[in-house]
Amino acid sequence: MKEYWTSLASLLGVLAFCQSLLQTVFPPELRFAFVKLFNKIFHWFSSYYYFDITEIDGVNTNELYNAVQLYLSSTVSISGSRLSLTRALNSSAITFGLSNNDCMVDAFDGVTVLWEHVVTQRQSQTFSWRPLPEEKRGFTLRIKKKDKYLILNSYLDFIMDKANEIRRKNQDRLLYTNSRGGSLDSRGHPWESVPFKHPSTFDTLAMDPKVKKEIMNDLKDFANGQAFYQKTGRAWKRGYLLYGPPGTGKSSMIAAMANFLGYDIYDLELTEVHTNSELRKLLMKTSSKSIIVIEDIDCSINLTNRKKNNGGGGGASARTYYDSMEMRGGGGGVSVPGEEGGGGNSITLSGLLNFTDGLWSCCGSERIFVFTTNHIEKLDPALLRSGRMDMHIFMSHCSYPALKILLKNYLGYEEGDLDEEIGKEFEGVLEKAGMTPADVSEVLIKNRRDKGNAVRELLEALKARAEKNNAVGGSREKVNGGHDLEEEEEEEEQEKRALESPKEEGCDFVEDSCKKGDEKDPKEDNEIIEK
């Protein structure tokens, strides 16, 4: 045993002598060159390529590293045995990832690749303005040499797109508003946001299933149409006009579109925007993959039909007024047509058209513009043409297909559960009643504990509304030839404008003076404006 230890000590001494001799004869530079040459020879005969994707590239975060981490989380969560769990900020889901120094195999177009998550301790660093993490993280991608071009040209782009899709799916959607007009906050943002939690989907939306299918297909084509829009030279945006009576589900449609696509919503309040330049700044601060909404556009800004307004012989003065399209907001003063600034709101029709279809509308991509109105006939035709509002969607009163969806939502009725005779009664009375989905939903909500009673109450309410409409319609035709309905709608519209955007006395004065432009001398008009 003693001889054994003696031989081992002699051997260790020889090795130590050889090591010191090698370090003396072969300096570090020569040894480094020899190792480098050996690696080249090894890679020359190897059939694999290795690509390192580090977490930090210099001082900046590597976007590809984050994308690979998200992409692998969708596969690892099913097949992995040792996982790391993370939850990002503003995210509603937990994501899975590879543990330290773990490996997994992935396939793309029949090509097999190997991913390894490499984590090593970083050497002690000197003073730095931006301290780096203690651990050095990265992914190593191993591929066969023959698959190099396929992986670099297609696979990495596929990973980036997939990661963006996962990030958008996991992240909570936001609802933005411009409560401060176009002014910026301390961080330089004109928008304020809250989490968007609206539960409306196309499955719960009460409207004709055929129309819903058409809208969903159009949204899918838009979301997947980047190559198409680029090939045709069109800006990647689309406009939708939702019009119809109040209570027909226009706001629910917008929420369903956002949930279907996973887009954020920017609710633009035009009465808070003072000039066209502020409107452009708001557009520039919106993100891609978003829906920009202007609700009740006929009430928030004067976009009436210029042809109808000029038809009364108003002349050049009337055209000047309606081309200026002054806001009805409560500004601090009266804005002279053609001038931006001052105390009042002076958004013009031209500014709004450029906002939706001009050069400034191309400063982002994958945006949807949605306008809602109760009176489409009062909007200017320039705003309604294709390219600005590409798809016009009429939100009608409750139809029988929409009623079946409401019965399923509130009472749990499936196809065939409703009695055929009652179904025929519903189908016959719905068109005459003219009730909105909101009115029908209210009746069902009040009686949702008793399904049978809810159906009976709804049928009675529909019949009563139909009889009332017939009686009122007949009396109107006898007395006024059917003009009372239009007058009532006009009065309701004026009341709504007065409530949402009260006029200033000066604004009324300027409007009257503009309408009487042909009767007055131009010098008198200038004196009125100066006053």
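K289 counts as partly exposed, at 25% relative accessibility; that label covers values between buried (under 20% relative accessible area) and exposed (over 50%), found with a 1.4 Å probe and counting protein chains only. K289 forms a salt bridge with E366, their closest N and O atoms being 2.7 Å apart. A salt bridge here is a side-chain nitrogen of Lys or Arg within 4 Å of a carboxyl oxygen of Asp or Glu. This is a predicted model, in which local features need pLDDT of at least 70 and side-chain atom pairs count only at pLDDT 80 or more, while totals for chains, interfaces and linings use all residues. Residues are numbered from 1 along each chain as its sequence is written, and side-chain values use heavy atoms, leaving out hydrogens and water.

**Salt bridges**

- The count of salt bridges comes to four.
- E366 counts as buried, at 5% relative accessibility.
- R238 and D218 form another salt bridge, with the closest N and O atoms 2.7 Å apart.
- R238 sits in strand β11 (residues 237–243) and D218 in helix α5 (residues 209–223), so this pair links parts 20 residues apart in sequence.
- R238 is buried at 18% relative accessibility, and D218 is buried at 16%.
- K404 and E415 also meet in a salt bridge, at 3.6 Å from N to O.
- Here K404 is partly exposed at 32%, whereas E415 is exposed at 66%.

**Cysteines**

- The count of disulfides is zero, where a disulfide means a pair of cysteine sulfur atoms within 2.5 Å.
- C299 is buried at 1% relative accessibility, while C103 is partly exposed at 38%.

**The chain as a whole**

- The chain has 20 helices and 15 strands; these are DSSP runs numbered from the N terminus, with helices (H or I) of at least four residues and strands (E) of at least two.
- Of its 531 residues, 37% count as buried.
- Among contacts with a separation of 6 or more, 68% join residues 24 or more positions apart, a contact being heavy atoms within 4.5 Å.
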